[in-house]
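Please read the points below alongside the sequence and the coordinates.

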Amino acid sequence: MQGSTRALIASGMGLALVLAGTAPLQPPTPASEVAGDAASFERSPLPSGSTIKVTATGDSGAGTFGAAIDLANATPGPDTIEFEAGLETTLTGAWTVDEGITIKGTGATVRWQPANPDTESWLTAEGAPVQISDLTLALETESWEPLIQVNDAPSEFTTVLENVTFRDPFSGGLRVEGSESAVEVVGITASGIVDDDDDADEIAVIELWEANGGFSLTDSRFVDLSTVAVALSGAQISAPGQVLVRGNTFSNIDVAEAEFTGMALHLDDISPLDETTRAEPMVLVTENTFENVRGWGEAVVSVSDVEGGVGFHDNTLTGNNSLSSTASFESLEGAFGAESPALVITDVALAGNTAEYSVLRVEGITAGVAIEEVTVTDSKVGDAGLTAYGISNDGEAANAAVTLRDVTIDGVRGLTEDEPPSAGLEFVEIFIDIDMERVAVSDVVANEGAAMISETAGGVRVSASRFVDSTGHGLTMEYVELPNNGQVHVNDSEFSRNSLMSGGSGAGLMIEAESEEGRDSPLVEIHTSSFADNLGGDSAGLGILTTGSGANAAGPNILVDSSTFSNPMAVPVKRSVGASDVYLEDATGVNGSEPAITVRNSTVERRDAFAPEVPGIIAVASGNGALIEHVSMPGAGTALTCGDGRAATVRNSALGADGLPAVQLTDDCEFSGEANTLTMLGDAPAGAGEELPVADWQLGELADNGGATQTLLPESTSPLLDSGVTSTVVVDQRGIARPQAGGPDRGAVEVEELVPALSTLEIGPDVTVEAGSPATLTVTRSGPAEEAATVAVELRDGTAVAGVDYAAKRYELSWAAGDTAAQKIAVTTLEHKPGSRALTAQLASPTGAELGARQAATVTITQEDPAITPPKPPGPPTVIDPPTAVKPPLSETGSGGWLPLAGLAAALLAAGAFALVARARSRRAREI
């Protein structure tokens, strides 16, 4: 039925109808669950040995540092050198130790002016670790060697720098080579290089070569430098060693030309010595800040050639400028853990960076990549804001994929206005699945658009994502090769306000996919997605091309379901071949009896749009047919191309622009379909449906009517209601069940059957009455009263029994529409016996209303014992006068004198017996 029996509201169920047999990608494990953690790093302190005090300045003489070193070298075993607190000294010598040594600075400052700056370090440890704390080292002469050099330290003890300050470390602060010792650097500060000599760029403040015991850099600051801050290269790390960089600040570093790839942090050629006992991940960089790092280095952070996994978490990179990338991860192998990929990046913010290639770049990685909760904003790049290139799976990680979750890319521009980048987000040569969930790419000015996927050989899943407000495509996928049952699956996503000024289909979303193998699921599925205000290309909203021989034998190769297109300004670049909103082409060949292309439960709003003569939907099914079902498309028609003799089916749809044909078919198509509302039949036969102007369809404006996408809701008197035919489409675009009333509605929306709001009936409070008195109960009606209502009140035994304590009866109450007056019933109670007994009055069988919280009341009947008349109180004593006659003696009266007395006794006995009988009868009556 129509009219008042239909509700013009939506339930918001938002159910997506998925074809049987489809197999969308399964979301991988969240990166936050597989990110790894820092390994246990336990320092091995050197034995203290003898403690030698430094109390004097200069290189030699009593109490000097030189004298302390000489004494330590002369004494077997490790020793401790302790500076006098706050001592300041200038040294020119260079010293070497061959046993472990501990140096406690206690706040001292050493100014070093090397005599031979090209060949000497202030302190060299040969085959021995050093542990230095609370010392400031200031280099006052240009030098080519680091202040501290550690060579071939054994694994028994840790090399430590703690709370050490390097001032102007032109030649570097610490260099470790060929060491098996773990290296721990904590709380250091390096600052003050102002010399711009190019040779400084061949050195790092902290530099490790073949340091195999593990490396920890924590809570340190590298500021105002003109050299690389930290570099580690060539380490085969023994368990439980790890490379840990945590809680550090790298700021205002300006490198003219660097030997190392990373200007702030360079980590390269790192692997575990033993695969079975290694730390997971092998490299962990977390809680660091990188700001205003610039120069001619390739990257600010560079991590490459690592085996065993890399974690990059909770880092901030702001205002940096580099030749290639802000953060670069390249040639990483091996998963850490069964569920972990080779690289996990989480909780990273990159803002205001400039890079000649990409802000965030991952390349040449096996075992997959997970990127989660990452933002890339306000960037200037030569290629992309985020680039993933050459990613594959070596079989170590289960369900390996390139996964992006909760990633935001906004405000990406080229290095100059004349040189736009390729895209904001870019995937190239990915040989495993790509999974994007809650990815937002916006405000990108690029050649390809907001996001691009190219030359891949895996499935693609895009869920709950946004690609908006960009120049170029919102999202483009080209040269996507789908393996057996791999597919492109897009759901719950938005593609809006993108402008494509060149050719190519799909300013909002363009997909070119190829399948070479047999399959039983669609190649491309689009579900519950929105395409609004896109412009340009051969179709403004969506363009899909599928090729190859891997046709879906069980259903369509291309499925568009429960999606909305509203692109009023869209005009195809090539009007002769283009569509305003949707262009779909399948060239995979025959796929059984099913149509190759299906568009269903979808809305295309073209009223008041440009170029109404351009089809809103073009479907080219070269090897098979096409199906348009339950589609609402006011203001535009559809053009269908089929394989030879195949069917073009249009069913349960409302299509067309006034004065123009709603359906255009090529000569190869055989039309099939019915129950349509069309502006003009066009190439459809007379039985295809009725011709009706768009205004007479009585569609509302495009709006949120429930579900995941906006829809056009018919009015309650629309001719589209109940006029369709039954099909396999059992829900509408919003997930509402079909049909709601007499038959399915035409178009994408099934108007819900009206369920009038009901009033509420409740019974009043409990009552208590004396037996024989009526018990009055009240039934109230509240809320909407648009319908008539009835309810029954049923009396139900409790301790009171019907027919004995009360009169059994069923009460029927009724209210007319609009009547909300309370109604009363009177329950008849009966005298029975003393005591208290109860029954229940229960509301039941409501119509036109619903029962509220109070649905029953208790009636309590009370009865007291009958009154027993008490004896009268005694009165005053009765005085019996003596007889006036003298009784004759017995002897005179003889035996006859006893007869009066005997009569009196008999009378008294009779009276007593009567009283006993009467009392017994009264007692029996009370017991009944």
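1. The lining of the largest cavity divides into three nonpolar, three polar and three charged residues, where Ala, Val, Leu, Ile, Met, Phe, Trp, Tyr, Cys and Pro count as nonpolar, Asp, Glu, Lys and Arg as charged, and the others, Gly among them, as polar. The lining consists of Ala72, Asn73, Gly77, Asp79, Val97, Asp98, Glu99, Gly100 and Ile101. A cavity is a set of points on a 1 Å grid over the protein atoms alone where a 1.4 Å probe fits but cannot get out, and lining residues have an atom within 4 Å of a point. The volume of the largest cavity is about 50 Å³, and the structure holds one cavity of 30 Å³ or more; here grid points are joined across faces, edges and corners, and a volume is the space filled by probe spheres set on the points.

2. This is a predicted model, in which local features need pLDDT of at least 70 and side-chain atom pairs count only at pLDDT 80 or more, while totals for chains, interfaces and linings use all residues. Residues are numbered from 1 along each chain as its sequence is written, and side-chain values use heavy atoms, with hydrogens and water left out.

3. One disulfide (a pair of cysteine sulfur atoms within 2.5 Å) is present in the structure. Its partners are Cys642 and Cys669, with the sulfur atoms 2.1 Å apart. The pair links distant parts of the chain, 27 residues apart, with Cys642 in the loop between strand 53 (638–641) and strand 54 (647–651) and Cys669 in the loop between strand 56 (663–665) and strand 57 (670–672); strands are DSSP runs (E, at least two residues), numbered from the N terminus. The link of Cys642 and Cys669 is right-handed, with 105° about the S-S bond. Cys642 counts as buried at 3% relative accessibility, and Cys669 is buried at 9%, where buried means under 20% relative accessible area, exposed over 50% and partly exposed in between (1.4 Å probe, protein chains only).

4. Two aspartates deserve a look at the backbone. Asp134, in strand 8 (residues 130–139), has a positive phi of about 55° although it is not a glycine, and Asp134 is partly exposed at 34% relative accessible area. Asp269, placed in strand 20 (residues 262–272), has a positive phi near 55°, and Asp269 is partly exposed at 42%.

5. The peptide bond from Arg738 to Pro739 is cis, with omega near -15°. Pro739 lies in the loop between strand 61 (711–714) and strand 62 (752–753).

Notes: Helix = DSSP H or I, 4+ residues; strand = E, 2+ residues; numbered from the N terminus. 1 Å grid on protein atoms, 1.4 Å probe; cavity = no way out; pocket = protein on both sides within 12 Å on 5 of 7 lines; lining within 4 Å.
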